[in-house]
Amino acid sequence: MDKTNLTILYNKVVGLTGFQEDKKEKDWMPKLGPNDFRSVIRHGIYKGKKVVIKISPHEDLVGIANNFRRYQKAGVSRPVLQVPAILRSGKIKGAQFLIQTSAQGGTRILPQYPLSTQEEKEEAATLYWNTVNNFPRFDFGEWAISDYFLERIDKRFTHGRENGAVKSGFITQQEKDKAAQIIFSNLQHLQVKPFFAHFANTDIVKTEEGYFIWDASIVPKPEAAGIALWLWGATLYASYQLSANEWLKEIEKWIDVFTKFALKPHAENLRLKIRINFLERLLGTLLVDLPLKRSPFQDFSDAEIKKATKVIRAVLAKTLQP
C-alpha cells in the first residue's frame, strides 16, 4: 500500500483507540517495494502505558495477537524469549492493528553487532534453545516442509528473474541450481515446528525483566530455522563491515556454539538442518534484497552494494560446500 493510504488507515486507528503518538521516537514503515509499504509501526502512549502500535493492510494481526497470548501462557522460569504484553488488537476496514507494551531502555545481546564475544554467543544460543524447548504446540494445518521451501524458493527465483539478479552479477545460475539441489534433496531430515518469523540481534531487547522479541509473528518453520535466521541477520550487517574471511570464521564459531548447546532430541543432523535453512535465506538476499536494495541496504551506493555482495557470495560458496 502507498504511504498516503497507509497513513489514512493509521489515523483511523488512532481515532478509534485513543493512541497518542510520541513524535520524538523513530517510526518504521517496512517496505515491500517502491512506495509499497507493509505496515506502519510507531511508539506512543495507550491508557497511560508506553506502547508500540502496528497497523497493516497485509498481516493478520488479530491472529498474531491470539498466538502471542497462547505463547505467553507457556512461560517458564528459565530465560526464554518473551512477547511484550498485548493491550489491544482489532480490525478496521482495510487493515488490522496491534498495540503492545514497550520494552524501551533495554540493550542488545550483541552490543558490537555483528561481532561478539564467546560469552555473548553462549548467551544467544542458550536463549534460543530455551525458547525452542518452551514453545507450545500450534496446529498449522496442511503445512509440510516441502510447502515451506517450494513457496519460498519459487518466490525468490521469480523475483530474481524479474530483477535480473544473474545478469547483474549477484548470483550465478549454477549457484542457484546447487542451492536448490541441496535443499530439496534433504527435506526428509526436517520437520515443521512453530517459531518466530524473525530471530536476530536487532529483533531482541534485553531488559531487567528478560528478553523480548519485537514484530515477529509465530509461524510454521523448519527445525533450526531460528539459528539460520540468526546467522543470516548478522551476515547482512557483516557484509559491509567485515571482510569475507573474517565473517566466515565468525560463522563457524556461531555454528559450533549453537551445536554445543543443543539438547539431544535436536542434535541429530543439526549442522545439515542449519545449512538447508541458511541457504534459503542467502538465496533471498542475493536474488531479492540486494538487487532491490532492501533493508539494511536501502541507502547503499553501488560500491557498497558490490562489497556486500562479494561477502555474501563468499558465505554462499562456503555453505554450498559439503
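Trainee: Which side chain meets that of Lys-54 in a salt bridge?

Mentor: This is a predicted model, in which local features need pLDDT of at least 70 and side-chain atom pairs pLDDT 80 or more, while totals for chains, interfaces and linings use all residues. Residues are numbered from 1 along each chain as its sequence is written, and side-chain values use heavy atoms, with hydrogens and water left out. A salt bridge puts a side-chain nitrogen of Lys or Arg within 4 Å of a carboxyl oxygen of Asp or Glu. At 2.3 Å, N to O, the partner of Lys-54 is Asp-215.

Trainee: How many residues apart are Lys-54 and Asp-215?

Mentor: Lys-54 sits in strand β5 (residues 49-56), and Asp-215 in the loop between β11 (210-213) and β12 (218-222). Strands are DSSP runs of E of at least two residues, and helices runs of H or I of at least four, numbered from the N terminus. The pair links distant parts of the chain, and the separation is 161 residues.

Trainee: Is Asp-215 buried, partly exposed or exposed?

Mentor: Buried means under 20% relative accessible area and exposed over 50%, with partly exposed in between (1.4 Å probe, protein chains only). Lys-54, at 8%, is buried. Asp-215 has a relative accessible area of 30%, so the class is partly exposed.

Trainee: Which residue forms a salt bridge with Glu-280?

Mentor: The closest N and O atoms of this pair are 3.7 Å apart. Glu-280 lies in helix α9 and the partner in helix α4 (residues 145-163), so parts 124 residues apart in sequence are tied together.

Trainee: Which helices each supply at least two residues of the lining of the largest cavity?

Mentor: A cavity is a set of points on a 1 Å grid over the protein atoms alone where a 1.4 Å probe fits but cannot get out, and lining residues have an atom within 4 Å of a point. The lining includes Ala-225, Ala-228, Leu-229, Asn-277, Glu-280 and Arg-281. The helices that each supply at least two lining residues are α6 (225-238) and α9 (270-292).

Terms used. 1 Å grid on protein atoms, 1.4 Å probe; cavity = no way out; pocket = protein on both sides within 12 Å on 5 of 7 lines; lining within 4 Å.
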